[in-house]
Amino acid sequence: MWIGRIARHLAAFVLTTLIAGLLGATLVRFGPGFEADEQQLDPRLDAQSIQALRDSHSQERNLLSFYAHFLGRMATGDLGFSRSLARPVRELLSERAKVTLRLLATGLAGGWILGLALAVIAVIFRTPLFEVTTAAASSLFLCVPTAVFALLLFFTNGPVRLAIALLIFPKVFRYARNLLADAYTQPHVLTARARGLSEARVFFWHVVPWTAPPLLALAGVSLGVAFGAAIPIEVLCDFPGIGQLAWKAALARDLPVLVSLTIVVAAVTQLTNSASDLAVALCHRERR
Amino acid sequence: MNRARNIAIGVLAAVFAVSLLANIFAPVPYAMQFRDFVNAPASRQFWLGTDELGRDRWSRLLYGTRISLLLAPAAALLSTLMAVLIGGIAGYRGGWWDRIVLRVIDIFLSIPWLFLFLIVRALLPLNTSPLASVILTFMVMGLLGWASSARIIRAGAQSLRHSDLVLHARACGCRGGRLLFAHIVPNLKPIVLAQFWISIPTFILGEASLGLIGLGVGEPLPSWGNLLRELANPQAAMSHPSMLAPLVVLVIVMSCFQLLLSQKEFAS
Amino acid sequence: MKRLLGILALTASGLFAQWGGELRFCLRSEPKTFNPLMVEDEASETIRYLTGGVLIRVNRQTQELEPELATAWKISARGQSITLQLRQGVVFSDGTPFSAEDVAYTMRALLDPALHSPTGDAFRSASGAVETQVLAADRVSITFPAPVAGLERLFDQVPILSARSPKKEAAVLGPFAVSRYTPGSEVLLERNAHYWKMDATGRRLPYLDAIRLDIQQNRDIELMRFSRGELHLINTVDAESFTRLAQQAPSQAYDAGASLESEMMWFNQNPNAPFPEYKKAWFRSKNFRRAVSAAINRADLCRIVYFGHAQPAAGPISPANRFWYGAQLKPHAYDPKEALARLRQEGFRLIGDRLCDREGHAVEFSLITNSGNKARERMAAMVQQDLAAIGIKMNLVTLDFRSLIERISQNLRYEACLLGLTNYDLDPNSQMNVWLSSANNHQWYPNQPKPATAWEAEVDRLMQAQASTVAREKRKEYFDRVQEIVADEAPFIYLVTKNSLSAISPKVQNALPAMIRPQTYWNAENLFLGTAQVARNAR
């Protein structure tokens, strides 16, 4: 029974990843500018060279054929060759993954710690002054483009990795504050307080379990949000990470890179969301 | 806290009114270039100075506020409603429906949607009016922005599925859509309101980024997004502090929204 | 005289030169290739320039040809072949001797039709095989199937490869060789210990030990690092950053005058373009194009967008190109009254504040340009206001570059376009694919089966005449006439010619900023780092 469940989950995982890759490839292939190349504007190139440029896309014109070959090569660990950067895609991903992972790890950890801490303080103190101050601060960090923070930190020799934390924390704060405030109005929490339980016990035994499921779901999607923020940061601050690679590949319509990235992102998204779903399921089981 | 709420309402109303009546409050057309007063500092003639083409920043701020203040919340509302519908139904029903929706959400979150925007731009006639282009941009953002919040709403709906509240409602004969929309969704308000509030600046900044691929607001029409894009050069922003005006207005508006949306929790 | 002063300055500086040190500046993108024959991007071109040894060099200051690995050359009377006398005693960076075999090998590789090299295509004036003959160990002859105009200048872009070295392209003849490449981060070039050039004291150049090229796309960060002293030079600085730098550190900001880069716009005159016939009629009308040109205030564009570091453009050749520049041409004057007069001649009239054609259609068109280029976006916004003053509504659409290229080169779904033009080569023969009506880069109506207009037929004739003529003066006559026709017919509306702006740290000695690429390090072998205030440079 367990084996059957795992096999079903695995099959769903693989199918979802493949569909995401195919849809991503479709958008890139049929998007404008796919067969265009800046070199076409070079007046030195003669007609044969320009035709050769156009023909260099011939292997990618038939989408299904390209995707089938891509998957076949992927099974042997070969993710294709990047036309725009003239290097194997696998090499590019493995070199750049470290940079992005460090950026994301610092950003997510910092953002969550700060967001949760402020939310807890906001709910405990609940003064209008604190409410207005946190409203203004979280608005400020949400309204300034993350890349601008990154540049400001760069110019002032600050830790650029904090920029993602500055994007994540207002979202975490907003959700957590609303959920915690709502939890304190629930009958079971009111009852626990009426029965004289300590605030700490009420918080950890009654409030947290109530707010955990949506917060865990938020944890799952915040990785995607952080990665989205990492792209402009890496592009503007010249960090050679996956985000910068994704942007360059998008501008160059580099199909092998974009399909590989879509598949990697789909796999990672599913893994993190499944992990958060598992945690949510455990929470529900504990509550019951 | 009621005083803070009232002030927030007043400020929002004032900002809305001034921006809707931009034709009256703006001293000059937003597109007019005063080429002898390029990058001018704030003065009696130009309250917030001028930009790099000599256009009055105050007029551009007013018109930009009008566009962004109307369209961004509309797009946020659209994406939030879609998230509530899709995530709420998935969390409430569970089973295979829930599994399929989760897979669709994961696929949605993985695809490079930039290319869809490029396709939209390619299909639009080049002479599309800037206003039509920006409305379409916000609409597409709204239609694509539901996925991550649907997941969170789904988790919330799932929690409520086995709650006492739902058990009581079922015992009273409440079923299906009525149970979902009359009992479960109202109890997801904290998440829904948080999501709505977060989406507004996200879409404003998203519209600015889409300007890089030809969508969003076209010249010379201003929006908060393209005014905020100037901040990408922090050194220029430091030498012309009036560039920060759209950011200040946006922060004030967002803070007021937040105070308005969160007042209920304090009231109870 | 200027050349003599330059030589004297270099000689004097050689006596005071400080050896060693690492010069640092930035590449704006990852180099796409280290194969010098396949270079098409700026980053790869930088590496090629610093590592490649060429037969003939165009001096970036004087724009004259100078012998490098070829000590002398002779072009045949018909311009179809060139015989080169090679320098003796030269070896590659790995010690492999340099000889005529290497030149033959390089030319064969470059002109291989399967390579599709932009540099190789520049040599191709007609179909047919190119014959390379090794006459002696130090003499080689190359014969082309048809005359190649400006032949000797093309060798400036051809670094010689070794036919025998096991290191292949890594064995170089230039002052530096690639030592390390860290993707996404930097390229390190180290001194070529076998470089053939000597300084005035007889020591082997270059003075520098190494050049470190950081990969940095963000220009604000590049400028900040330069201001902090982390970089020694910025080869091209945009006008806005230049103005800031000139205020903070005027001695480090160099405006060398007009560059070879200009900005222009054009209308889509292709009869197959998917927009209404009445618009095609507008764009085909010379008076319409000239009216639009007259309505644009170029002085304002130079003053506001380029902070005064640009000049109104008159034609396809920049004033920086001393020999080929058509001095007789003047930029179209800003004259809205003349614009309206020309439009009236074509039956246009103002109804209220909108211009309408004789059939009553309001004049409105879209202009596309590439996004992310602030100067271009600002220019387009200013052109929009200028045209609004004569009743024309222009819609500005910025597109990502590939989408734009697809529209102008493939599906023709555009009405007007604003782009920049960078001439790689001083010789206008390199622009054949722009001026020939049958060519693919004839932007306003490419790949014409036969010339659509009499003036385009005349331009075709003149370009082919200059391509088959050896005498430079005669070629100039032909091309001057092309420039006059283009100025009159305005298929391209030339807007501005940008100035060559660069930033050089006071630590860098012997720098002689030039107007053409590479502006700051064209004499890299003579640059050195020091504090000695040697006669800064004949500016």
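# Reading a two-chain predicted model

Author: Let's start at one residue. Not counting residues up to four places away in sequence, C:Asp41 touches C:Ser29, C:Glu30, C:Pro31 and C:Lys32. Keep in mind throughout that this is a predicted model.

Reader: Where does C:Asp41 lie in chain C?

Author: To place a residue, look for the elements on either side. C:Asp41 is in the loop that runs between strand S1 (22-27) and helix H2 (42-51) of chain C.

Reader: How far apart are C:Asp41 and C:Val482?

Author: There are two answers, one along the sequence and one through space. The two residues are 441 residues apart in sequence, and their C-alpha atoms are 29 Å apart in space.

Reader: Let me step back. How many helices and strands are there in chain C?

Author: Chain C has 16 helices and 21 strands. Its radius of gyration is 25 Å, close to the 24 Å from the globule rule for 539 residues, so chain C is as compact as a globular protein of that length. The C-alpha trace spans about 75 × 55 × 45 Å along its principal axes. Of the 539 residues in chain C, 62% are buried.

Reader: How many helices and strands are there in chain A?

Author: Chain A has 12 helices and 2 strands. In sequence order, its pattern is α-α-α-α-β-β-α-α-α-α-α-α-α-α. The radius of gyration of chain A is 24 Å, well over the 19 Å from the globule rule for 288 residues, so chain A is more spread out than a compact globule. Its C-alpha trace spans about 85 × 60 × 30 Å along the principal axes, and buried residues make up 53% of the 288 residues.

Reader: What does the surface of each chain look like?

Author: Look at the area, and then at the atoms that supply it. Chain A exposes about 12,500 Å², with 70% supplied by carbon and sulfur atoms. For chain C the accessible surface is about 19,800 Å², and 51% of it belongs to carbon and sulfur atoms.

Reader: Could we turn to the strands? Which strands pair with S7(C)?

Author: First, a general idea: in a regular strand the side chains alternate between the two faces of the sheet. Now the case here. Strand S5 (residues 81-86) pairs with strand S7 (residues 139-143) of chain C in the antiparallel sense over 5 bridges. Strand S6 (residues 131-136) also pairs with S7(C), again antiparallel over 5 bridges. A hairpin of 2 residues joins S6(C) to S7(C). You can find C:Thr143 as the bridge partner of C:Ser81, and C:Glu131 stands opposite C:Thr143 as well.

Reader: In what sense do S12(C) and S18(C) pair, parallel or antiparallel?

Author: Strand S12 (residues 253-267) and S18(C) are antiparallel, with 7 bridges; one pair of bridge partners is C:Glu263 and C:Gly420. Strand S16 (residues 364-370) and S18(C) run parallel and are joined by 2 bridges, with C:Leu367 partnered by C:Ala416.

Reader: Why is S18(C) described as largely enclosed?

Author: Count its buried residues. In strand S18 (residues 416-422) of chain C, 5 of the 7 residues are buried, so the strand is largely enclosed by the rest of the structure.

Reader: What does C:Asn440 touch?

Author: Check the chain letters as you read this list. Not counting residues up to four places away in sequence, C:Asn440 touches A:Leu45, A:Asp46, A:Ala47 and A:Ile50, along with C:Asn433, C:Pro446 and C:Asn447. C:Asn440 sits in the loop between helix H14 (432-435) and helix H15 (454-467) of chain C. With a relative accessible area of 17%, C:Asn440 is buried.

Reader: Last one: which helix holds A:Phe203?

Author: A:Phe203 is in helix H10 (residues 199-236) of chain A. A:Phe203 is buried, at a relative accessible area of 15%. Its contacts, leaving aside neighbours within four places in sequence, are A:Val120, A:Leu180, A:Tyr184 and A:Val208.

Terms used
Residues numbered from 1 in each chain as written. Chains lettered and ligands numbered in written order. Predicted model: local features only at pLDDT ≥ 70, side-chain atom pairs only at ≥ 80, totals over all residues. Heavy atoms only, no water. Helix = DSSP H or I, 4+ residues; strand = E, 2+ residues; numbered from the N terminus. Rg over C-alpha atoms; globule rule 2.2 N^0.38 Å. Buried < 20%, exposed > 50% of the residue type's maximum accessible area, 1.4 Å probe, protein only. Areas by Shrake-Rupley, 256 points an atom, 1.4 Å probe, with all protein chains shown as cover. Pairing = 2+ DSSP bridges. Contact = heavy atoms within 4.5 Å.
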